[in-house]
Amino acid sequence: MQKPILISALAATLLLAGCASTGGKRDLSQSLYLRGQFAWWDALDEYKVKKAGPDLYVASVELKADGQPYELKFGDAAWSAGTNCGFLSQEDQMLEFGKKSKANCSSVFENFKFNPPETGVYSFYLDNSGEQPVVYVEPAK
């Protein structure tokens, strides 16, 4: 009966060693999209994130300033747990310039909101470099 325990312990050690060698984080630029009302929540190629730095991803979208906030989040094509990033708590729901909002990447209905101050192109960032992912928005350059 000790063989299965030994094999399980060895497998767990190898798995953890593999995570440690890569920092435990995967490159999300191949699977993550900015999804929201502006795209009917579809995972569209034009909103696929690009790497903006180590563990930093960005996607840009043109939004109209009509006084209503847009709902959005980062997610893969299947809304998979771990890549379905909405707000962590109510104080993080509304995205504003100069504010980093904590993200929950296993969210279900926790959509971020952003009310553009004027019609234009905005860049949405997902920073996955810390223990807690954060999302922020800036006017596109």
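In this predicted model, strands E2 and E3 form a hairpin with 2 residues between them, and Asp55, which sits in the turn, has a positive phi of about 60°. The two strands, E2 (residues 50-53) and E3, run antiparallel to each other and pair over 3 bridges. Within this pairing, Gly53 stands opposite Leu56 in E3.

Strand E3 spans residues 56-63, and because 6 of its 8 residues are buried, it is largely enclosed by the rest of the structure.

Attention then turns to the cysteines. The model contains 1 disulfide, which joins Cys85 to Cys105 with an S to S distance of 2.1 Å. The link of Cys85 and Cys105 is right-handed, with 110° about the S-S bond. It connects distant parts of the chain, 20 residues apart: Cys85 belongs to strand E5 (residues 84-87), whereas Cys105 lies in the loop between E6 and strand E7 (112-114). Both Cys85 and Cys105 are buried.

Strand E6 itself covers residues 101-104 and includes Ser101. Ser101 has a relative accessibility of 0%, so this residue counts as buried, the cut-off being under 20%. Its side chain reaches the backbone oxygen of Asp92 at 3.2 Å. Beyond its neighbours within four places in sequence, Ser101 is in contact with Asp92, Met94, Leu95, Phe112, Pro133, Val134 and Val135.

Note on methods
Residues numbered from 1 in each chain as written. Predicted model: local features only at pLDDT ≥ 70, side-chain atom pairs only at ≥ 80, totals over all residues. Heavy atoms only, no water. Helix = DSSP H or I, 4+ residues; strand = E, 2+ residues; numbered from the N terminus. Buried < 20%, exposed > 50% of the residue type's maximum accessible area, 1.4 Å probe, protein only. Polar contact = N/O pair within 3.5 Å; in protein donor to acceptor, adjacent residues only side chain to side chain. Contact = heavy atoms within 4.5 Å. Disulfide = S-S within 2.5 Å. Pairing = 2+ DSSP bridges.
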